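Work through the exercises below with the model open. Try each task before reading its solution.

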Amino acid sequence: MPELQLAPYAVSNSAYGRRFSEPAPSGRSEFQRDRDRIIHSGAFRRLEYKTQVFVNHEGDLFRTRLTHSIEVAQIGRSIARRLALNEDLVEAISLAHDLGHTPFGHAGQEALNACMKDYGGFEHNLQSLRVVDVLEERYAAFDGLNLCFETREGILKHCSLEDAAQLGAVGERFLQNRRPSLEAQIANLADEIAYNNHDVDDGLRSGLITLEQLSSVRLVARHLDEVRSLYPNLAERRVVHETVRHMIGTLVTDLIAQTEHNIRTHAPQSVDDVRAVPPLVAFSAEMHELNRELKAFLRTHLYRHYRVMRMSAKSQRIIGDLFKAFMEDPRLLPPQFMPQETNTSRLVADYIAGMTDRYAVREHRRLFAVDED
Ligand code: MG
């Protein structure tokens, strides 16, 4: 297939480069190299055993952070290709966007942030950047993965002004109220399309939510009715898959149409123009509202389901216990872990954030159960 011609406002190559200069890659683009570095990182492999919504041991078919990230990359790349934007950059950002997540999903992030409140807090976006900038130890010449600026700015989806001021070039856009590239904007919304839809699928599979409840959500009802009238005798499992598939299609199509419209309206001629105008990658107003309704449903009926809440409470206790134990006696930390970090609370947060769900459970047992070592 011939190379697609990129739009003039696409990121065609890294304008701001890497923090440590390296020879240009041969046979692949700079962003392909970033993607490859991310895939070979330890943090990427750990995503396989980190919770998205369901804790890893709850079942083999639920999404994990790894399969979630791959779905985000798939959706993001299709959108980028349709808009003549840089697919490789979208893929790199998508695969890296959750590298800084703690074990146990949002419950873990909240618990660690609470533990860190007197020490500068903990935020998974900042941590994802810290993983690729500092924590990965894979190269002789530098800490981290030395990714391109454009990949790093996409990973840093949001950040407080206080944190932005500490981050140098990659934080500047928050201080100047400028936007990241369209590729970063796509990865951000592909994330949202992926999790809303796979949480519907996983929620149904788990039995915590039902199709009947979901028919109160307009976006679901519309596609469910369509699937049922096209295939009146279809087994429930396939009804779910067809419905989710159609929903993803509708959201992606709407996003592309609205984004094309926004691009026509603002007529950017370059990436710099993109940075100066409001976000261009967006759903239509109607789809934004339908999407919001779906998110609200998931929040009430799935993320706050008592069984999810129980698992969250357990996870938060584990994180809190681990943090307290290591802070009280840092000698309990494995000696090979990050000896160069001198700030104990940050060292402990990095250690805990890097854990998979099951590693955290085991480490908790090792620290607190007398008959374990
Ligand atoms: Mg995500």
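**Exercise 1. Which protein atoms are donors of the magnesium ion, and where do they sit?**

Step 1. List the donors, meaning N, O and S atoms within 2.8 Å of the metal (3.2 Å for Na, K and Ca); water is not among the atoms, so sites may look incomplete. They are His-68 (NE2), His-97 (NE2), Asp-98 (OD) and Asp-191 (OD), at 2.1 to 2.6 Å from the ion.

Step 2. Read their spacing along the chain: H-x28-H-D-x92-D.

Step 3. His-68 belongs to helix H3 (residues 65–82), and His-97 to the loop between helix H4 (87–96) and helix H5 (105–115), so the pair ties together parts 29 residues apart in sequence. Helices (H or I, at least four residues) and strands (E, at least two) are DSSP runs, numbered from the N terminus.

Step 4. Check burial. Buried means under 20% relative accessible area, exposed over 50%, and partly exposed in between (1.4 Å probe, protein chains only). His-68 is buried at 0%, and His-97 is buried at 9%.

Before going on, note the ground rules. This is a predicted model, where local features need pLDDT of at least 70 and side-chain atom pairs count only at pLDDT 80 or more, while totals for chains, interfaces and linings use all residues. Residues are numbered from 1 along each chain as its sequence is written, and side-chain values use heavy atoms, with hydrogens and water left out.

**Exercise 2. At what angle do helix H12 (residues 218–230) and helix H15 (residues 285–303) cross?**

Step 1. Take the axes, which are lines fitted to C-alpha atoms, for helices over the stretch in contact; angles run from 0 to 180 degrees between N-to-C directions. The axes of H12 and H15 come within 7 Å and cross at roughly 100°.

Step 2. Classify. Under 35 degrees is roughly parallel, over 145 roughly antiparallel, 65 to 115 roughly perpendicular, and the rest oblique. H12 is therefore roughly perpendicular to H15.

Step 3. Find the contacts (heavy atoms within 4.5 Å). From H12 come Arg-218, Leu-219, Val-220 and Arg-222; from H15 come Glu-286, Met-287, Glu-289, Leu-290, Glu-293 and Leu-294.

Step 4. Sort by class. Ala, Val, Leu, Ile, Met, Phe, Trp, Tyr, Cys and Pro are nonpolar; Asp, Glu, Lys and Arg are charged; the others, Gly among them, are polar. The H12–H15 contact has 5 nonpolar, no polar and 5 charged residues.

**Exercise 3. How many residues of helix H1 (residues 30–39) are buried, and what covers them?**

Step 1. Count. 8 of the 10 residues are buried, so H1 is largely enclosed by the rest of the structure.

Step 2. Name them: Glu-30, Phe-31, Arg-33, Asp-34, Arg-35, Asp-36, Arg-37 and Ile-38.

Step 3. Find the cover. It includes helix H2 (42–46), H4 and helix H7 (149–155).

**Exercise 4. Is Asp-350 buried or exposed, and what does it touch?**

Step 1. Locate Asp-350 in helix H17. In H17 (residues 344–354), 10 of the 11 residues are buried.

Step 2. Find the helix's neighbours. The buried residues of H17 pack against H2, H5, helix H6 (124–135), helix H16 (306–328) and helix H18 (357–368).

Step 3. Read the value. Asp-350 has 3% relative accessibility and counts as buried.

Step 4. List its contacts. Leaving out residues up to four places away in sequence, Asp-350 touches Gln-127, Arg-130, Leu-135 and Phe-337.
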